[in-house]
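Please keep the sequence and the 3D view side by side while going through the sections below.

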Amino acid sequence: MFEKLAELICNYVEVEKEAVQPDSRFVEDLGFTSFDFMSMLGEAEEEFGVEIDPQGASNIRTVQEAVDYLESLKAE
């Protein structure tokens, strides 16, 4: 899931896939705006077949937190 999420991230911000690390922070390290982040989550919903709760997503700061959150949704 990390690899696919890294590809999605690269669609929204100007970073190399290799620069996306589990501890990369979306805003501070990768340059996301809140609009970019919410748009990417919308695409992640389609990609992974999950429904993201905006309230739950508001606590996501790092790529690994996003992966953990998405995996928890897939497990439900």
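## Helix α1 against helix α2

At roughly what angle do the axes of α1 and helix α2 cross, and within what distance do they come? In this predicted model, the axes of α1 and helix α2, the latter spanning residues 34–48, cross at roughly 140° and come within 10 Å. An angle counts as roughly antiparallel only when it is over 145 degrees, and α1 is therefore oblique to α2. The crossing of these two helices, α1 and α2, is right-handed.

On the side of α1 the contact is made by Lys4, Leu5, Leu8, Ile9, Asn11 and Tyr12, while α2 contributes Asp36, Ser39, Met40, Glu43, Ala44, Glu47 and Phe48. Sorted by class, the contact of α1 with α2 has seven nonpolar residues, together with two polar and four charged ones.

## Helix α1 against helix α4

Helix α1, which covers residues 2–12, also packs with helix α4, which covers residues 63–75; the angle is about 120° and the axes lie 10 Å apart. With that angle, α1 and α4 are therefore oblique to each other, and the crossing of α1 and α4 is right-handed.

The residues that make this contact are Phe2, Leu5 and Ile9 from α1, and Val63, Ala66, Val67 and Leu70 from α4. The contact of α1 with α4 has seven nonpolar residues, with no polar and no charged residues. Leu5 and Ile9 can be found in the list for α4 and again in the list for α2.

## Salt bridges

Side chains of opposite charge can pair when their charged atoms come close. How many salt bridges does the structure hold? There are five salt bridges in the structure, and Glu3, Lys4, Glu7, Lys17 and Glu47 are linked in a network of them. One of the pairs joins the side chains of glutamate 3 and lysine 17, with an N to O distance of 3.1 Å. This pair links distant parts of the chain, since glutamate 3 belongs to helix α1 and lysine 17 to the loop between α1 and α2, 14 residues apart. Glutamate 3 has a relative accessible area of 48% and is partly exposed, and lysine 17, with 28%, is partly exposed as well.

A salt bridge is also formed by glutamate 47 and lysine 4, whose closest N and O atoms are 4.0 Å apart. Because glutamate 47 lies in helix α2 and lysine 4 in helix α1, the pair ties together parts that are 43 residues apart in sequence. Glutamate 47 is partly exposed at a relative accessible area of 40%, and lysine 4 counts as partly exposed at 30%.

## Individual residues in the loop and in helix α2

Is serine 24 buried or exposed? Serine 24, which is found in the loop between α1 and α2, has a relative accessibility of 6%, and it therefore counts as buried, the limit for that class being under 20%. Leaving aside the neighbours within four places in sequence, serine 24 is in contact with Ala19, Asp29, Leu30, Arg61, Thr62 and Val63.

Glutamate 45, found in helix α2, is partly exposed with a relative accessible area of 25%. Apart from the neighbours within four places in sequence, glutamate 45 is in contact with Val50, Glu51 and Ile52. The C-alpha atoms of glutamate 45 and leucine 70 are separated by 8.7 Å, although the two residues are 25 residues apart along the chain.

Conventions:
Residues numbered from 1 in each chain as written. Predicted model: local features only at pLDDT ≥ 70, side-chain atom pairs only at ≥ 80, totals over all residues. Heavy atoms only, no water. Axes fitted to C-alpha atoms, helices over the stretch in contact; angles between N-to-C directions. Helix = DSSP H or I, 4+ residues; strand = E, 2+ residues; numbered from the N terminus. Parallel < 35°, antiparallel > 145°, perpendicular 65-115°, else oblique. Left-handed = near helix turned anticlockwise from the far one by under 90°. Contact = heavy atoms within 4.5 Å. Nonpolar A, V, L, I, M, F, W, Y, C, P; charged D, E, K, R; others polar. Buried < 20%, exposed > 50% of the residue type's maximum accessible area, 1.4 Å probe, protein only.
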